[in-house]
Amino acid sequence: AGGAVVHVVGSWCDAVDIPFSDGGSGPSRRCRVVLCLGEEGAPGLPEALPGWTTTCPPRDAVLSLLRAVSPLAVLPLVLHVSEEGHVEVQATASSAGAPGAGAPSATPREDEASLLRQASQAYDAGDFLLAAREFARLASAPYEDATAAYNLAAILHSFGLSLLAVPYFMKVILRSPEDRTAHSMLGGVLGELEPGAVTLAYREIVRRQPTNHRAAHRLACLTQSGRAAEEGRADPEYIREVFDEMAEQFETRLVHHLQYRAPWQLRDLVDEFLVASTEDPEAPTTPEHRLPGAGGWRIVDLGCGSGLCGRLFRHLTDPRAAPLPTDEAEIHQTLVALKGAVAREPHPSAGVRGVMTGVDLSSKMVDICREGGAYDTLVVGDANDCLASLATGSTSLVLSADTFIYIGDLERSFSLAAEALQPNGLFAFSLESMGRHEQQQVAEKRGWDGAQGLDAEIDEGFFLRASGRYAHAPGYVMRLARKFGFTVLRRKPITVRTETAVPIEGELLLLQRQSGSFSGQIQAAAASKG
Ligand SMILES: C[S@@+](CC[C@H](N)C(=O)[O-])C[C@H]1O[C@@H](n2cnc3c(N)ncnc32)[C@H](O)[C@@H]1O
């Protein structure tokens, strides 16, 4: 699917036969499995597997193989990651050599400590092959290191080798039963394989721990019921817990590990429009059409996170800040652009000093933004409450990068953004897009009878995904845009991030509040403020 490819070539388990061709009637064979991390045709594969390079058993066959060995895929496995990027898996009948086997030691030997440092550095820098190799060595070393096990599991999971990650998540959980992140990662992996069993487990957790917000959210995703599915927004307690915990590593994880680029892509989208509209001789020049208004750019960043959008759009509100580059090679500049990076003299293209406001439910995220210095005002709170607190027509740009994935029902956000924006104000955001299968599920839940034809009826609403995030139907977003008086200026399909080697498809949208009379929308917004 465009990213890393898993080559499955044979089996390590000589007790189980698996067929080598999809639905073929040929004989089954005993075989070995070599799983390869890396690009298709990675160097080394042909040498390692003469004569086998192009034969891949169907994924289902491999899954049933793993299930046959252990129903919950909790296998005693040993991984070896070679220099070329091949992951070789050995399953053992006994637990010898399994993760966590052997006499554990509480402190690392010197060589283990240095290996852990190197592996962690490679992991942070996004060199997953090196990191996986070192973590795999560490994870089977006598020193019981939960970090190595967790990171190895996270790498395997992100490369789509989720089954192999299971024993390593188990190792972390056995060591720290309270580790909610490892539990929820494991729940995510097993939820795809054994949704019934995992649903039962989450029901039990929620019954025993009514304040376990993660478990409640996960249960809502699995059952499409409960508050998150019905109210159309993730529980703020859940968001706070997840993002407070992730805040420190947020940029590394999203930008390096998941190829997240939405803030840069939104900047490009807005820039492109601003340049085109300045050069357009037909563009209206009356004061009410001018962007920004007399008070400079007034930007509100909904779900500001660690402040990537604040840094990328800051040159609009702060005449001393030079625009940060948005091209791939220079992305690191955004990641390091903290307080000290502000130029003393106003930038030549600078306008009037404006205001950059950021709002986020996670106080730890807001602390990081405060340190970064890109925002004039920061609020710990809910995005819609923040919009509701703004004066009518006071804002030039409302931004939301990867935040509406936590708000399914966007009616109130659109209504409040329409009210807060000045005439011709901009509303720029990213979304995950609903797939056809999800659209059909939503339509069926709504009581769709198919009478008006499939396409006309299913392009509506939002869907709470197993990932814990919402996806939106493009038709739903277009309907809201019309309802609240927005013109659609730009729409751009993007890959929001790449997760477990699967690209998550989404969209960037740039809307403009129409400058005509808005009494209808404003009344609707005022009603929804209440
Ligand atoms: C995936 S992060 C994106 C952060 C940032 N916009 C970026 O692009 O780097 C989503 C952020 O939205 C915040 N968030 C989610 N729901 C929210 C809500 N209803 N109100 C305010 N913040 C919210 C989370 O705390 C998190 O920091």
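A residue is called buried when its relative accessible area is under 20%, exposed when that area is over 50%, and partly exposed in between, with a 1.4 Å probe and protein chains only. By this definition Tyr476, at 4% relative accessibility, counts as buried. The structure is a predicted model, in which local features need pLDDT of at least 70 and side-chain atom pairs count only at pLDDT 80 or more, while totals for chains, interfaces and linings use all residues. Residues are numbered from 1 along each chain as its sequence is written, and side-chain values use heavy atoms, with hydrogens and water left out.

The protein contains 22 helices and 13 strands. Helices (H or I, at least four residues) and strands (E, at least two) are DSSP runs, numbered from the N terminus. Of the 530 residues in the protein, 51% are buried. The protein exposes about 23,900 Å², and carbon and sulfur atoms supply 53% of this area; accessible areas come from the Shrake-Rupley method with a 1.4 Å probe, and for residues only the protein chains shown count as cover. Contact means heavy atoms within 4.5 Å. Among contacts with a separation of 6 or more, 68% are between residues 24 or more positions apart.

Two packed helices are described by the angle between their axes and the distance between the axes. Axes are lines fitted to C-alpha atoms, for helices over the stretch in contact, and angles run from 0 to 180 degrees between N-to-C directions. Angles under 35 degrees count as roughly parallel, over 145 as roughly antiparallel, 65 to 115 as roughly perpendicular and the rest as oblique. A crossing is left-handed if the near helix is turned anticlockwise from the far one by less than a right angle, and right-handed if clockwise.

Helix H4 (residues 128-139) packs on H5 at an angle of about 135°, with the axes 9 Å apart. H4 and H5 are therefore oblique to each other, and their crossing is left-handed. Phe128, Ala131, Ala132, Phe135, Ala136, Leu138 and Ala139 of H4 make the contact with Ala148, Asn151, Leu152 and Ile155 of H5. This contact of H4 with H5 has 10 nonpolar residues, one polar residue and no charged residues. Here Ala, Val, Leu, Ile, Met, Phe, Trp, Tyr, Cys and Pro count as nonpolar, Asp, Glu, Lys and Arg as charged, and the others, Gly among them, as polar.

Between helix H5 (residues 146-158) and helix H6 (residues 162-175) the angle is about 155°, and the axes are 8 Å apart. H5 is thus roughly antiparallel to H6. The residues in contact include Tyr150 and Leu156 of H5 and Tyr168 and Phe169 of H6. By class, the contact of H5 with H6 has 12 nonpolar, two polar and two charged residues.

Helix H9 (residues 213-223) and helix H11 (residues 236-246) pack at about 115°, with axes 8 Å apart. This makes H9 roughly perpendicular to H11. In H9, His213, Arg214 and His217 meet Glu237, Tyr238, Glu241, Val242 and Glu245 of H11. The contact of H9 with H11 has two nonpolar, two polar and four charged residues.

Tyr476 belongs to helix H21 (residues 474-483). Its C-alpha atom is 6.6 Å from that of Asp459, 17 residues away along the chain. Not counting residues up to four places away in sequence, Tyr476 touches Asp459 and Phe462, among others.

Asp402, in the loop between strand E8 (395-400) and helix H18 (411-420), has a phi near 60°, a positive value in a residue other than glycine. At 12% relative accessibility, Asp402 counts as buried.
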